[in-house]
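Subject: Structure for you to look at

Hi,

Here is the structure I promised you. Please open it, then read my notes below alongside it.

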Amino acid sequence: MSFKNKVVVVTGSGSGIGAAAAVLFAETGAHVVIVDCSETRANTTAGKCEQYGNKVLVIIADVSKQEDDEKIIKQTIETFGKLDVLVNNAGIVLKGTILDGTILDTYDKIMNTNLRSVVVLTCLAAPHLAKTKGCIVNTSSIASTKVKNGYPYESYCVAKAGVDSFTRASAFELASSGVRVNAVNPGPVLTNLLEHAGISGNWERSSKSTALKKASEPKEVANLILYLASDKASSITGACYLIDNGMALM
Ligand code: NAD
């Protein structure tokens, strides 16, 4: 796959899946826009991307804020004059359930970060992607369709179900502009998602709950993101792809 001279925005690319995707895009020739709310993490990823010799732009932004989303698209167009690929990947997980009375404590933050940002950035990027016949890849989750016993992240499930639904709705609407929209739905991936939320995570337990008895490396999910963003996936739009080591089978 080659993304030579393509301009690719990856949100949440300071860490985990987004960082792995940004590095792979840079390795395959893209000019990458690193977006993250953590300056330290964003600069770490930028350093890894710069070794491939293409342009790297770092934008420190909180995707849950519309003014920051506007800044992301504005600075990208001002710097590169075009946009080819938008990866809506930034996300957080926070605990919240109905029965323990905490679901509404985290609902707005989860929805604004994990779902509203996807809607806003898609709207802002759409006219630019129409000019390049570009595409969008959203990072959803297996949690969009699968609820597991003892999984205390109910707002997160709602937000990711919304990402799947918006992936289909936006794919349908933007098809007339030649823009494709797809999503990846990972199961457990070995990232700092739980740590960043201050949750003492247990990947070992999650890994055992997949058919293959393992979690994914971030690069494995990044490979699927790049495939969906590439010309090889020119017939694919409106699809939400599980990449879960067979977790949904369990
Ligand atoms: P991660 O915490 O390692 O990386 C997420 C990055 O997003 C961090 O660098 C963080 O600073 C950034 N971020 C968070 N909120 C932001 C905001 N408001 N604005 C800008 N940047 C923000 O986590 P990850 O596992 O790589 O998560 C990436 C995506 O994958 C998320 O959407 C997550 O829901 C999804 N996902 C992860 C898993 C998993 O097991 N790790 C499984 C399914 C889906």
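Start with T97. T97 has a relative accessible area of 12%. The cut-off for buried is under 20%, so T97 counts as buried. Keep in mind that this is a predicted model.

Where does T97 sit? Look in the loop between strand 4 and helix 4. The side chain of T97 makes a polar contact with the side chain of D100, at 2.8 Å. Leaving out residues up to four places away in sequence, T97 touches T102, I103, P152 and E154.

Now move to strand 5, residues 135-139. Strand 5 is mostly covered, with five of its five residues buried. Which way do its residues point? C135, V137 and T139 point one way. I136 and N138 point the other way. In a regular strand, side chains alternate between the two faces of the sheet.

Next, the neighbours of strand 5. On one hand there is strand 4, residues 85-88. Strands 4 and 5 pair in the parallel sense, over four bridges. V85 stands opposite C135. Together with helix 4 (residues 103-132), these two strands make a right-handed β-α-β unit.

Then there is strand 6, residues 180-186. Strand 6 runs parallel to strand 5, and five bridges join them. Here T139 has V184 as its bridge partner. From strand 5, the chain crosses through helix 5 (residues 154-174) to strand 6. This β-α-β crossover is right-handed too.

Best wishes

Technical notes. Residues are numbered from 1 along each chain as its sequence is written. This is a predicted model: local features need pLDDT of at least 70, side-chain atom pairs count only at pLDDT 80 or more; totals for chains, interfaces and linings use all residues. Side-chain values use heavy atoms; hydrogens and water are left out. Buried means under 20% relative accessible area, exposed over 50%, partly exposed in between (1.4 Å probe, protein chains only). Two strands pair if DSSP finds at least two bridges between them. A crossover is right-handed if, with the strands pointing away from the viewer, the path from the first strand over the helix to the second runs clockwise. A polar contact is a pair of N or O atoms within 3.5 Å; within protein, one must be able to donate a hydrogen and the other to accept it, and residues adjacent in sequence count only if both atoms are side-chain atoms. Contact means heavy atoms within 4.5 Å.
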